[in-house]
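Thanks, everyone, for making the time. Before I start talking, please bring up the model on your own screens, so that you can follow along as I move through it.

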Amino acid sequence: MEIFNKDNTRNTGSLEILKSYMLIGSRNVKDAGISIQISYIPVNSGQPIHSHEPEQCYYIISGNGLMSIDNDEEYVNAGDAVHIPSGKKHGIRNVGTDALQYLTANSPAFSEEYESRLWPEK
């Protein structure tokens, strides 16, 4: 058994807009069928709108955000979960007064190449 956390996994490096850690993914779990990340967005910042093949779920741990999926926007708070279908454009913005912390899971797992681009630093 291996235990993964922020100290032993890859992250997005020194980006000012957010910090994300690839807790479980293609590069640290052989034949992973799911990827799990934890992310932090500072106040007045946000994750850029993007899309990818794997479907994804967000679970808001703390803070307040504005979630966008295609042309739909909804406020999200601690305890909320959001499903993003495969290929949909999505992103989240911190609209609160504290850091926005959320967990994401996607299936199938992101490819090693995709992980290497977005989570390069260990």
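Serine 35 sits in strand S3, where helices (H or I, at least four residues) and strands (E, at least two) are DSSP runs numbered from the N terminus. What we have is a predicted model, in which local features need pLDDT of at least 70 and side-chain atom pairs count only at pLDDT 80 or more, while totals for chains, interfaces and linings use all residues. Residues are numbered from 1 along each chain as its sequence is written, and side-chain values use heavy atoms, with hydrogens and water left out.

Is serine 35 buried or exposed? Its relative accessible area is 0%, so serine 35 is buried, where buried means under 20% relative accessible area, exposed over 50% and partly exposed in between, for a 1.4 Å probe and protein chains only. A polar atom of the serine 35 side chain lies 2.9 Å from the backbone nitrogen of phenylalanine 110. Leaving aside neighbours within four places in sequence, the residues in contact with serine 35 include Met22, Ile24, Ala109, Phe110 and Glu115, contact meaning heavy atoms within 4.5 Å.

Glutamine 37 belongs to strand S3 as well, and at 1% relative accessibility glutamine 37 counts as buried. Which side chains does it reach? The glutamine 37 side chain makes a polar contact of 2.3 Å with the side chain of threonine 104, and another, of 3.1 Å, with the side chain of asparagine 106. A polar contact here is a pair of N or O atoms within 3.5 Å; within protein, one must be able to donate a hydrogen and the other to accept it, and residues adjacent in sequence count only if both atoms are side-chain atoms. Beyond four places in sequence, glutamine 37 is also in contact with, among others, Tyr21, Leu23, Gln56, Tyr102 and Trp119.

Let me turn to the sheet around these residues. Strands of a sheet pair through backbone hydrogen bonds, either parallel or antiparallel. In this model an open sheet of six strands has the order S1-S2-S3-S9-S4-S7, with antiparallel pairing, and two strands are taken to pair if DSSP finds at least two bridges between them. Strand S1 (10-11) and strand S7 (81-84) stand at the edges with a single partner strand each, so one side of each has no neighbour in the sheet.

S3 and S9 run antiparallel and are joined by seven bridges, and the bridge partner of serine 35 in S9 is asparagine 106. On to the next pair: S9 and S4 are antiparallel over seven bridges, with tyrosine 58 bridged to threonine 104 in S9. S4 and S7, in turn, run antiparallel with four bridges between them, and here cysteine 57 has histidine 83 of S7 as its bridge partner.

Strand S5 (residues 64-69) has five of its six residues buried, so the rest of the structure largely encloses it. S5 and S6 form a hairpin with two residues between them, and aspartate 70 in the turn has a positive phi of about 50°.

How much volume does the largest pocket have? The computed value is about 370 Å³. Of its 21 lining residues, Leu18, Gln47, His50, Leu118 and Trp119 are the closest to its centre. For the terms, on a 1 Å grid over the protein atoms alone, a pocket is an open set of points where a 1.4 Å probe fits, with protein on both sides within 12 Å along at least five of seven lines, and lining residues have an atom within 4 Å of a point. Helix H1 (112-118) is one of the elements that supply at least two lining residues, and H1 gives the most, with three.

Histidine 50 lies in the loop between S3 and S4 and, at 22% relative accessibility, counts as partly exposed. A polar atom of the histidine 50 side chain is 2.9 Å from the backbone oxygen of proline 48. Histidine 50 and lysine 89 are 39 residues apart in sequence, yet their C-alpha atoms are 5.2 Å apart in space. Apart from neighbours within four places in sequence, the contacts of histidine 50 are Tyr58, Lys88, Lys89, His90 and Tyr114.

Terms used: Points joined across faces, edges and corners; volume = space filled by probe spheres on them.
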